[in-house]
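Welcome, and please open the structure in your viewer. This tour goes from stop to stop, telling you what to select and what you will find there.

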Amino acid sequence: MKIFVTGGTGFVGSRLSKRLLDKGHHVVAAARSLRQDRIRHENFTYVSADLSSPGQWQEGLTDIDVAFNLAGKPIFTYWTGKAKQRIYDSRTHATRNLVEALPGDSVLISASAVGYYGDRGDRVVTEDTEAGDDFLAMVGKDWEEEALKARQKGVRVALARFGIVLGAGGGAMEKMIPAFKLCAGGALGDGKQWFPWVHVDDVTGALIFLMENEELDGPFNFTAPEPVTNAEFAKTLGRVLGRPAIMKTPAFLIRLFAGEFGETLLTSHRALPERLVNAGYAFQYPKLKDALSEIAG
């Protein structure tokens with residue numbers, strides 16, 4: 001099949017592209033810039049494009065079979081008004097432009113995030129849980145609505161609500177492991193908030209699972225089946241690295257230095273991948289300790 005991947009050179013997108021190539025597919029990856037470890041394969045094509053604007057890149061979608069939509073500006077920054085607008089536009093505008101160019105007999109698997117649910121405390125969150133009302137919930141809701149418009153063209157649409165993706169060489173772990181190795185790691189705030197983690201190999205595996213099972217559509221939580229609290233996560237990572245995890249960061253300091261974004265580090269998402277499990281997806285890393293041990297090498 002011919003597969004189009006937005007954000008195809010990023011942390012998740014590059015890994016997904018490699019797995020698709022290994023399965024014999026042709027991959028077209030669209031992004032603003034190449035990574036240093038660019039993919040070199042006869043069935044891989046790179047397209048440099050600003051996906052938030054219509055353009056020539058859309059012409060390459062006329063004969064694609066599947067589109068994976070992973071594009072979006074990182075949220076890990078200080079949220080000024082302009083930064084929030086970039087976060088919003090990079091998701092909703094890129095998705096709108098992608099949907100506009102999709103052929104009617106294709107499949108769209110579009111990223112979202114468990115931030116869609118807002119802060120839920122200890123409440124278990126499944127795909128049937130309603131949207132929250134904070135900024136990231138609003139972004140997630142509008143992002144998904146743009147993707148679902150593809151159904152009007154006869155496109156099968158699946159929504160992948162990502163948790164916090166863990167893997168070597170990027171993502172959240174790239175920032176956390178150095179701090180823990182310096183014995184400066186620990187829980188954020190009181191550590192009681194639920195931490196919806198997932199290993200990057202399960203993200204790419206589940207994305208391909210959705211592609212290959214034609215009956216699957218709608219939202220799916222991309223989180224490990226055994227969520228932990230932030231304190232439990234910090235304790236486990238410390239043990240895996242052989243370092244203490246006692247350097248708690250008080251909530252007021254997080255809010256002081258990170259502003260509105262800091263609130264997202266303290267929100268709680270006890271999200272379960274109910275629909276993936278019921279559909280038969282078998283997680284490669286259901287347990288946190290095994291996932292962190294693989295990442296730490």
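Start by selecting helix 4 (residues 173-181) and helix 6 (residues 230-241), whose axes come within 10 Å and cross at roughly 65°. The crossing of helix 4 and helix 6 is right-handed, a word used when the near helix is turned clockwise from the far one by less than a right angle. Axes here are lines fitted to C-alpha atoms over the stretch in contact, with angles running from 0 to 180 degrees between N-to-C directions. Helices (H or I, at least four residues) and strands (E, at least two) are DSSP runs, numbered from the N terminus.

Now show the side chains. Helix 4 brings Met173, Met176, Ile177, Phe180 and Lys181 to the contact, and helix 6 brings Phe233, Ala234, Leu237, Gly238 and Leu241; contact means heavy atoms within 4.5 Å. By class, eight of these residues are nonpolar, one is polar and one is charged. In this scheme Ala, Val, Leu, Ile, Met, Phe, Trp, Tyr, Cys and Pro are nonpolar, Asp, Glu, Lys and Arg are charged, and the others, Gly among them, are polar.

A word on what you are viewing: this is a predicted model, in which local features need pLDDT of at least 70 and side-chain atom pairs count only at pLDDT 80 or more, while totals for chains, interfaces and linings use all residues. Residues are numbered from 1 along each chain as its sequence is written, and side-chain values use heavy atoms, with hydrogens and water left out.

Next, select the largest nonpolar core, which has 37 residues. Such a core is a set of buried Ala, Val, Leu, Ile, Met, Phe, Trp, Tyr and Cys residues joined through side-chain atoms within 4.5 Å. Which residues have the most contacts inside it? They are Leu20, Phe68, Phe162, Leu207, Phe222 and Leu276. Helix 5 (200-212) is among the elements that each supply at least two residues, and its eight residues are the largest share of this core. Zoom in on Phe222: setting aside residues up to four places away in sequence, its contacts include Phe162, Val203, Leu207 and Leu276. Apart from this core lies another, of 21 residues, among them Phe4, Leu51, Ala147 and Ala150.

Move on to Ser112 in strand 5 (residues 107-113). Is Ser112 buried or exposed? Ser112 is buried, at 2% relative accessible area; buried means under 20%, exposed over 50% and partly exposed in between (1.4 Å probe, protein chains only). Beyond its neighbours within four places in sequence, Ser112 touches Gly140, Trp143, Glu144, Ala160, Arg161 and Phe162.

The last stops are salt bridges, of which the structure holds 10. Each is a side-chain nitrogen of Lys or Arg within 4 Å of a carboxyl oxygen of Asp or Glu. Select Lys84 and Glu260, which meet at 3.0 Å, N to O. This pair links distant parts of the chain, with Lys84 in helix 2 (residues 81-101) and Glu260 in helix 7 (residues 251-264), 176 residues apart. Glu260 is partly exposed, at 36% relative accessibility.

Then find Arg120 and Glu130, paired at 3.3 Å, N to O. Arg120 counts as buried at 16% relative accessibility, whereas Glu130 is partly exposed at 42%. Finish with Arg96, Glu146 and Lys149, which are linked in a network of salt bridges.
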